[in-house]
Amino acid sequence: MPIRLFDSLSRESRELRPSHPDGVFRFYTCGPTVYAPAHIGNFRTFVVNDVLRRLLELEFGPDRVKHVRNLTDVDDRTIAQAKKENRPLAEITKKWTDKFHADCDALNCLRPHVEPTATGHIREQVDMIEVLMRKGHAYRAADGSVYFKITSFPEYGALSRIKERELKVTNSALDSDHKDSVSDFALWKAYKPEEDGEVQWPGPAGASAGRPGWHIECSAMSKKHLGETIDLHTGGVDLLFPHHENEIAQSQCCNGQVFARHWYHSEFLQVEAKKMSKSLGNIYTLEDLTAQGIPPMAVRYALLMGHPRKQLNFTLDSLHAAQSALKSLRTARGAIPGAGGSVDVLPPVLAALHDDLNFPGALGALFGLLNSQPPAALNAAQFDRVLFALGLDLTAAPAPAAVPAEITALADRRWTAKQAKDWATADALRKELAAAGWSMLDRKDGWSLEPLKK
Ligand code: AMP
Ligand code: ZN
């Protein structure tokens, strides 16, 4: 049974198939912006994409899937954070990239085959902008920035079905200043010393020095690592407009080819039925949850409990339900002797997953079997493939020892003192940490804490 997935462009469920003669399925996911820890909403999107990646591997073979997910390491948010902390941009983005990787590992998300960075692909972005300027799809504004001219691409709006009038209202809030039309968007942003600090590169021919606009990085990096036409492009619903609409415009005007054959957008996560926001104080990171003793695998399971194209309500109850479901799976798996019996596990679960990633249907099918069959009757290899497809690692470690907030604060102060070469303060704080039972391990780019052995 082929994998069928809703396509946001044609608005229907369509089969996923590789289009390239080499048979390799080309899959691009928009990655995180690395200026802060990713929250569990971000991880909903990445876990959904991880299951998709696993299903593609099971369907086409592990060597027949190429998954690329970028890291946005230069944009307004990363630059603002570096400025706020008065640190180099690369230091900030490295810190949060490392944290993102550690969280992904804890959630058992497979690493993409290529994880390109925006700053590592300035040349490719500039090249693309120059082609767009030459072809009349982009123009230099008075300040030396470069904008994409929306009227030069009549198909603009096909993905989001946005009408021209709405477009003007929506886009006008984004960038202002020097463009011809309020709906044009920036491909290249001229350097502004008071905002950009040290961050600038030589611009496209005829433009000022500066930095790329956000959208162009995905067009340039997907082209470099996957070619001009990709089989599947994904992200959260908020990326549909303007990000993905702009990617289509840039790529298709530059390359003259269909950019992505299939678009998929998963819905947002809510916490206790509310949108996550700073003002509500309900933005949870993986660390927030593990500090409360919740194992990362239970977080992953809870993120799988809703249909990916419906909003998911993340609650404390759902985490408890996830923990008990994992316990049942662990018990059942432990009770299957050797190769197990002849009852099929894989087909009913895959049937649901292949039908537009019906996670609740898949979990329902799995637990239906567990409730109706003695574990010994289940086929062990198929059970393990189901666990692989869902990315559930039943052997994963429980949550690590929680570090109290005041200890983290001491460690932060000591790190700052050390950076400032204030050795006396750093030493005093190390003693204070030791007295509280913690040892601080320094690395070149950061630190970690371990409880002192008693
Ligand atoms: P960002 O780091 O802001 O670029 O976001 C990374 C990914 O997380 C994007 O695909 C977003 O669509 C997705 N995302 C952001 N907020 C949420 C949320 N509350 N629920 C699900 N996905 C989200
Ligand atoms: Zn993108």
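Trainee: Which residue lies over the face of Phe6, and at what distance from the ring centre?

Mentor: Arg309 does, at 4.0 Å from the ring centre. A charge counts as sitting over a ring if NZ of Lys or CZ of Arg is within 6 Å of the ring centre and within 35 degrees of the ring normal. Arg69 is placed over the face of Phe46 too, at 5.3 Å from the ring centre.

Trainee: Before we go on, what should I know about the model?

Mentor: This is a predicted model, in which local features need pLDDT of at least 70 and side-chain atom pairs count only at pLDDT 80 or more, while totals for chains, interfaces and linings use all residues. Residues are numbered from 1 along each chain as its sequence is written, chains are lettered from A and ligands numbered from 1 in the order in which they are written, and side-chain values use heavy atoms, with hydrogens and water left out.

Trainee: How many residues does the largest nonpolar core have?

Mentor: First, the general idea: in soluble globular proteins, nonpolar side chains tend to be buried together. A nonpolar core is a set of buried Ala, Val, Leu, Ile, Met, Phe, Trp, Tyr and Cys residues joined through side-chain atoms within 4.5 Å. Buried means under 20% relative accessible area, exposed over 50%, and partly exposed in between (1.4 Å probe, protein chains only). Here the largest core has 115 residues, and Val299, Phe314 and Leu329 have the most contacts inside it. Another core, of 9 residues, lies apart from it and includes Trp415 and Leu449.

Trainee: What is Val299 in contact with?

Mentor: Contact means heavy atoms within 4.5 Å. Leaving aside neighbours within four places in sequence, the partners of Val299 include Ile40, Leu107 and Phe314.

Trainee: Is Lys83 buried or exposed?

Mentor: Lys83 is exposed, because its relative accessible area is 52%. Not counting residues up to four places away in sequence, Lys83 touches Glu194 and Glu195.

Trainee: Which residues come nearest to ligand 1?

Mentor: A residue is near a molecule if one of its heavy atoms lies within 4 Å of it. Of the 16 residues around ligand 1, those that come nearest are Thr33, Gly41, Thr45, Asp238 and Leu269.

Trainee: Where are its polar contacts?

Mentor: With a ligand, look for a pair of N or O atoms within 3.5 Å. A polar side-chain atom of Asp238 is 2.3 Å from an oxygen atom of ligand 1. For Thr45, a side-chain N or O atom lies 2.7 Å from a nitrogen atom of ligand 1.

How values were computed:
A polar contact is a pair of N or O atoms within 3.5 Å; within protein, one must be able to donate a hydrogen and the other to accept it, and residues adjacent in sequence count only if both atoms are side-chain atoms.
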